[in-house]
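Me: I have a structure open on my screen and would like to learn how to read it. Could you walk me through it, one feature at a time?

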Amino acid sequence: MISPTRRSFLLSASAAVCFSTSGQAAGSFEVTRTDAQWRAMLTETQYLVMRKEKTENPYTSPLNDEKAAGTYICRGCDLPLYASRTKYDSGTGWPSFTAPLKNAVGTKPDNTLFTTRTEVHCRRCGSHLGHIFDDGPAPTGKRHCLNGVSLVFVAK
């Protein structure tokens, strides 16, 4: 049986996760749109991920299995973000990369899941891409774990 104190903590923690009001990256961006414009150009899932910092389900993006040469660009503003040569199979169910293209992304602390993670977003429009972790392969040791719905793949 769970103690009343622990039950209260668990219910509060669950509510904090389910009802957190995380939003897009702070700051001003070159490409801006109203909420109505974002909603008009994105599917509901794309909107929730890119503008409300939600996460798509693992293994749902066809980009997770993409192996062709090319560039991954931001769905929100077409900025080139990641080269295919930096993509690898992390086994997590999300497209993963060791490093972005130069001057492509921004980061900020994300404290929404009882720990501090590094959120990564498009530096031009602020769209949420995913998170960066310190468990990637050489040469960077980083894993840019991204939501496929935030990206568009352009083959060479």
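Me: Let me start with charged side chains. Which residues are linked in a network of salt bridges?

Reply: Side chains of opposite charge can pair when their charged atoms come close. A salt bridge here is a side-chain nitrogen of Lys or Arg within 4 Å of a carboxyl oxygen of Asp or Glu. In this model, D35, R39 and E44 are linked in such a network. Between E44 and R39, the closest N and O atoms are 3.7 Å apart.

Me: Before we go on, what kind of model is this, and how are its residues numbered?

Reply: This is a predicted model, with residues numbered from 1 along each chain as its sequence is written. Local features need pLDDT of at least 70, side-chain atom pairs count only at pLDDT 80 or more, totals for chains, interfaces and linings use all residues, and side-chain values use heavy atoms, with hydrogens and water left out.

Me: What is the mean pLDDT of the protein chain?

Reply: pLDDT is the predictor's confidence in each residue, from 0 to 100. The chain has a mean of 87, and 83% of its residues reach 70 or more. Over residues 1-24, pLDDT stays under 50. Where pLDDT is low, the predicted coordinates should not be read in detail.

Me: Back to the charges: how many salt bridges does a search of the whole structure find?

Reply: The search finds 7. One of them joins E53 and K108, with the closest N and O atoms 3.1 Å apart. E53 lies in the loop between helix 3 (44-52) and strand 1 (70-74) and K108 lies in strand 5, so this pair ties together parts that are 55 residues apart in sequence. Helices (H or I, at least four residues) and strands (E, at least two) are DSSP runs, numbered from the N terminus. Another salt bridge brings together R143 and D135, at 2.8 Å from N to O.

Me: Are E53 and K108 buried or partly exposed?

Reply: Buried means under 20% relative accessible area, exposed means over 50%, and partly exposed is in between (1.4 Å probe, protein chains only). E53 is buried because its relative accessibility is 12%, while K108, at 22%, is partly exposed. R143 is buried too, at 11%.

Me: Now the strands. How many bridges pair strand 5 with strand 6?

Reply: Two strands pair if DSSP finds at least two bridges between them. Strand 5 (residues 105-110) and strand 6 run antiparallel and share 6 bridges, and T107 has V120 as its bridge partner. The two strands form a hairpin with 6 residues between them, and F114 in the turn has a positive phi of about 65°.

Me: And what lies on the other side of that pairing, in sequence terms?

Reply: Strand 6 is also joined to strand 7 (residues 128-133), antiparallel, by 4 bridges. T118 stands opposite I132 there. This hairpin has 5 residues between its strands, with G126 in the turn at a positive phi of about 80°. Strand 6 (residues 117-122) is mostly covered, with 5 of its 6 residues buried.

Key
Contact means heavy atoms within 4.5 Å.
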